[in-house]
Amino acid sequence: PVLVDRTGAEYRRVDHPPAGLPHFVLPTGVQQRPTAAAVAAVAGALPAPIARQVQSITALNPSRITLVLSADRLVEWGSAEQTELKAHLLPALLRRPVGYVDLTDPNQPITRR
C-alpha cells in the first residue's frame, strides 16, 4: 500500500494501511496521478458518517469514480466535478433502503434497492 495526499501525490509506502483511511483502487501509468487527485478530493469531501462507511474508492480515470460502502452499497460518483453537491446529497439518499446510488449527475440522482 502507498499513502497519497489530497493532491494524489504518493508520499509513503506502508506495510499495512492505517485504520480509518479508505482504500483507493487506481490505474497505473499516466492516469494514476490525476485519478488519485480526483479520488482524494472525493474522499476529503465526504461527511464523516459516510466516510466511515467507505470500504474502497475505485476509479478507472478521473471521470469514473465509484464508492463501495458497507452493507453492500455502491455509489457511482462519476467525476470529481460538483463533489461538494454530491457529498451534500449522499446522506439523504442513503437514508432510504438503497443498494445503488448514481450521482454522476447530481441534479438527477438515481437510486435502486
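Which residues of the largest nonpolar core touch the most other members? Let us tour this predicted model in close-ups, with residues numbered from 1 along each chain as its sequence is written. Local features need pLDDT of at least 70 and side-chain atom pairs count only at pLDDT 80 or more, while totals for chains, interfaces and linings use all residues, and side-chain values use heavy atoms, leaving out hydrogens and water.

**View 1. The largest nonpolar core.** Ile65, Leu67, Val75, Trp77, Leu90 and Val101 touch the most other members among the 22 residues of this core. Two or more residues come from each of α1 (32-45), β4, β5, β6 and α3 (83-94), and α1 supplies the largest share, with five. A nonpolar core here is a set of buried Ala, Val, Leu, Ile, Met, Phe, Trp, Tyr and Cys residues joined through side-chain atoms within 4.5 Å. Buried means under 20% relative accessible area, exposed over 50%, and partly exposed in between, with a 1.4 Å probe and protein chains only. Helices (H or I, at least four residues) and strands (E, at least two) are DSSP runs, numbered from the N terminus.

**View 2. Strand β5 and its two hairpins.** Strand β5 (residues 65-69) is largely enclosed by the rest of the structure, because four of its five residues are buried. On one side, β4 (residues 54-59) pairs with β5 in the antiparallel sense over five bridges, and the hairpin between them runs through five residues. Two strands count as paired if DSSP finds at least two bridges between them. Alanine 59 has isoleucine 65 as its bridge partner in β5. β5 also pairs with β6 (residues 73-78), again antiparallel over five bridges, with valine 68 opposite leucine 74. Three residues lie between β5 and β6 in their hairpin, and alanine 71 in that turn has a positive phi of about 60 degrees.

**View 3. Two residues and their surroundings.** Beyond four places in sequence, isoleucine 65 touches residues including Val39, Val42, Ile57, Val75 and Trp77; contact means heavy atoms within 4.5 Å. Serine 56, in strand β4, is buried with a relative accessible area of 12%. Leaving aside neighbours within four places in sequence, serine 56 is in contact with His23, Thr66, Leu67 and Val68.

**View 4. The open sheet.** Six strands follow the order β3-β4-β5-β6-β7-β8, with mixed pairing. At the edges stand β3 (23-25) and β8 (110-112), each with a single partner strand, so one side of each has no neighbour in the sheet. On average, neighbouring strands are turned by 15 degrees against each other, direction ignored. Helix α3 packs on this sheet, touching β5, β6, β7 and β8, and its direction makes about 160 degrees with that of β6. Axes are lines fitted to C-alpha atoms, for helices over the stretch in contact, with angles from 0 to 180 degrees between N-to-C directions.

**View 5. Helix α1 and its cover.** The 14 residues of α1 reach 20 Å from first C-alpha to last, close to the 20 Å expected at 1.5 Å a residue; the expected span is 1.5 Å times one less than the number of residues. Among the buried residues of α1 are Ala38, Val39 and Val42. Their cover in α1 as a whole includes β2 (10-13), β3, β4, β5, β6 and α3.

**View 6. Model confidence.** The protein averages a pLDDT of 90, and 100% of the residues score at least 70; pLDDT is the predictor's confidence in each residue, from 0 to 100. Confidence is lowest in β1 (residues 2-4), at a mean of 77, and highest in β7 (residues 100-102), at 98.
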